[in-house]
Amino acid sequence: IQMGVEPSLSFTIMESVRKGKGLKPEWEEEMRAHDVPEWYIGSCKKIKYMFPKAHAAAYVMSAIRVAWYKVHMPVAFYSAMFTVSSVGLDAEIVMRGHRGVSAEIERIEKLGKEASQKEQASVAGLQLVREAYARGIKFLPVDLYHSEATVWVAKNDTEIYPPFNAIEGLGDTVAKNIVREREKGDFISIEDLQKRAKISATLIEKMRIMGILLSCKIVSTY
């Protein structure tokens, strides 16, 4: 554009060059007609990939924003990170506290290649959990009436509720069932919860062991 080449053609040339597709003969002729240096034309032919400057700037701006939230609004930062992360966290492990989470990370790292793919993938998330604990943030037990289906919820400036899908084996569908049904009314018993949210007996037992049902004062003959 600075040499006088028509803007739309300049853009087309840029897109082709940055993707490593080089120049067409007619483009070279047009560039030479506008006195574009041979070294520039030669460079366009050699480039295989070029990261756009605007994209680079966007990444840096994003990193600065994320860093600001991590420093000044840590609970919001960690809640968002755990929610959007592709690596699922096990609520039971998260609830073990700083030492417990550190021990789990150490256990997985000692296994090395023998660790399952799921275990290896969980390390990055567990490291963030450990970091949050070190900063004074507390992870509360999954709560039948305060936890969300798939979102980690900040209770206040220092506490976070894990979602239902952070319970090992409890998928998004059942998690959403629980939230949908509780909006219709309180669960009068464990059987009521199990029937309305379509939860398996195995998961109900797991939730009982985790204290989720007891803490919510659900009465049951289960």
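**Contacts, burial and charge**

Guide: Leaving aside neighbours within four places in sequence, Val75 is in contact with Ile137, Ala154, Asn156, Asp157, Thr158, Glu159 and Ile160, contact meaning heavy atoms within 4.5 Å. This is a predicted model, in which local features need pLDDT of at least 70, side-chain atom pairs count only at pLDDT 80 or more, and totals for chains, interfaces and linings use all residues. Residues are numbered from 1 along each chain as its sequence is written, and side-chain values use heavy atoms, leaving out hydrogens and water.

Visitor: Is Val75 buried or exposed?

Guide: Buried means under 20% relative accessible area, exposed over 50%, and partly exposed in between (1.4 Å probe, protein chains only). Val75 counts as buried because its relative accessibility is 5%. Its place is in helix α5 (residues 74-84), helices being DSSP runs (H or I) of at least four residues, numbered from the N terminus.

Visitor: How many salt bridges does the structure hold?

Guide: Side chains of opposite charge can pair when their charged atoms come close. A salt bridge is a side-chain nitrogen of Lys or Arg within 4 Å of a carboxyl oxygen of Asp or Glu. The structure holds 19 of these salt bridges. In one of them, Glu15 pairs with Arg18, with 2.8 Å between the closest N and O atoms.

Visitor: Why are Glu15 and Arg18 separated by about one helical turn?

Guide: The reason is that Glu15 and Arg18 are three residues apart in helix α1 (residues 7-18). Glu15 also forms a salt bridge with Lys19, the closest N and O atoms being 3.9 Å apart.

Terms used. Helices (H or I, at least four residues) and strands (E, at least two) are DSSP runs, numbered from the N terminus.
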